[in-house]
Amino acid sequence: MRRIGILTSGGDCQSLNATMRGVAKALYKIYDDVEIVGFEDGYKGLMYADYRIMKPSDFSGILTTGGTILGTSRQPFKLMRVPDENGLDKVAAMKHTYYKLKLECLVVLGGNGSQKTANLLREEGLNIVSLPKTIDNDLWGSDLTFGFHSALDVATNAIDLIHTTAASHGRVFIVEIMGHKVGWLALYAGIAGGADIILLPEIPYDIRAVVDAIRARVRSGKNFTILAVAEGAISKEDAALTKKELKEKRKNSPSYPSVAYALGAQIGEMTGQEIRVTVPGHMQRGGEPRPYDRVIATRLGAEAAELIRRKEYGYMVALNHGGITKVPLEEIAGKLKTVDPQSDIIREARAVGISFGDE
Ligand code: F6P
């Protein structure tokens, strides 16, 4: 009997279950004698030996369900070497569980921090295969991450819904889109939802340019404006500060729940227009996986099983140029895939009149 461990780590997304199903179905097809061990709540389950022996039926009927049947939690990479409140050495504990259960390999579904921990466990000698999960699409080494397309659907729908009410009232609407430190989701949802202004962390904005773009719309007879703002969007002034200076500045400025509210106050004051802020928040990670995500989840899952069959460990399965590839974990760990301000998609968005608030 061979045993493969599996866990879902970090923020959830819609196609975690679909991806685990892909891995499991392919493994059950490859081997007659495989047992899948599911760890509860991500790396926490591996640390505290909180696991379930999964049955093939556990992976049935979950292609279309959001969330994760195993649960998840955030276990920050920077704390992995810090003992827990009872003095437990987390890395040693994870290794202990792995060896005690005689696992042949551990499959990790996770985003940036989780991939770093996956790499750490690889360095510690464990056989790891990982899969690129995150709605943020910020994993270096994969053109696309599973979860992104489903979140994009929700975020786009939010902007679509805002359109009619914004137009009826002639208001400026700011829709804040998730994405952590990168702007992929805001960029794609902004384009798909027909936003007039898109603000991304990768293209720091000048508030005067943002206001100019709103005024230009008013002059052309458009009584409303929609801004798709990434949660990590930052002004040019703030982007020029060091981390310490920025912290200090924020301490001494009026505090707002998030960037959209701060922008709303500034724009309202400068234009005199009526501003509203909408934050879809965690709804962007909710609901069922959309069809495209189900397809890539299945493909990535199947390839993870194939890597295990070939005993090719220490890789993240990735999607590049439309095909499935594998990337060594040590190449990914600690890197971020950001939007290139000079890329074609930005140029094309500008070509149709979208403002990025920078010029
Ligand atoms: O990484 C996914 C993500 O949804 C980010 O877009 C967001 O910044 C963060 O997680 C929110 O984290 P939490 O669910 O822990 O509040």
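The shell around the ligand draws at least three residues from each of two domains, namely domain 1 (2–147 + 289–332) and domain 2 (149–285), with bounds taken from an automatic or database domain assignment. This is a predicted model, in which local features need pLDDT of at least 70 and side-chain atom pairs count only at pLDDT 80 or more, while totals for chains, interfaces and linings use all residues. Residues are numbered from 1 along each chain as its sequence is written, and side-chain values use heavy atoms, with hydrogens and water left out.

The C-alpha centres of domain 1 and domain 2 are 34 Å apart. Their contact, which means heavy atoms within 4.5 Å, takes 15 residues from domain 1 and 13 residues from domain 2.

Around the ligand stand Arg 74, Ile 135, Asp 136, Met 178, Gly 179, His 180, Glu 231, His 282 and Arg 285, each with a heavy atom within 4 Å of the ligand. This shell divides into 2 nonpolar, 3 polar and 4 charged residues, where Asp, Glu, Lys and Arg count as charged and Gly is among the polar ones.

Among the polar contacts (pairs of N or O atoms within 3.5 Å), an N or O atom in the side chain of Arg 74 lies 2.8 Å from an oxygen atom of the ligand, and a polar side-chain atom of Glu 231 is 2.6 Å from a ligand oxygen atom. At Gly 179 a polar backbone atom is 3.1 Å from an oxygen atom of the ligand. Of the 390 Å² that the ligand exposes when taken alone, the protein buries 72%, with areas from the Shrake-Rupley method and a 1.4 Å probe.

Note on methods: A polar contact is a pair of N or O atoms within 3.5 Å; within protein, one must be able to donate a hydrogen and the other to accept it, and residues adjacent in sequence count only if both atoms are side-chain atoms.
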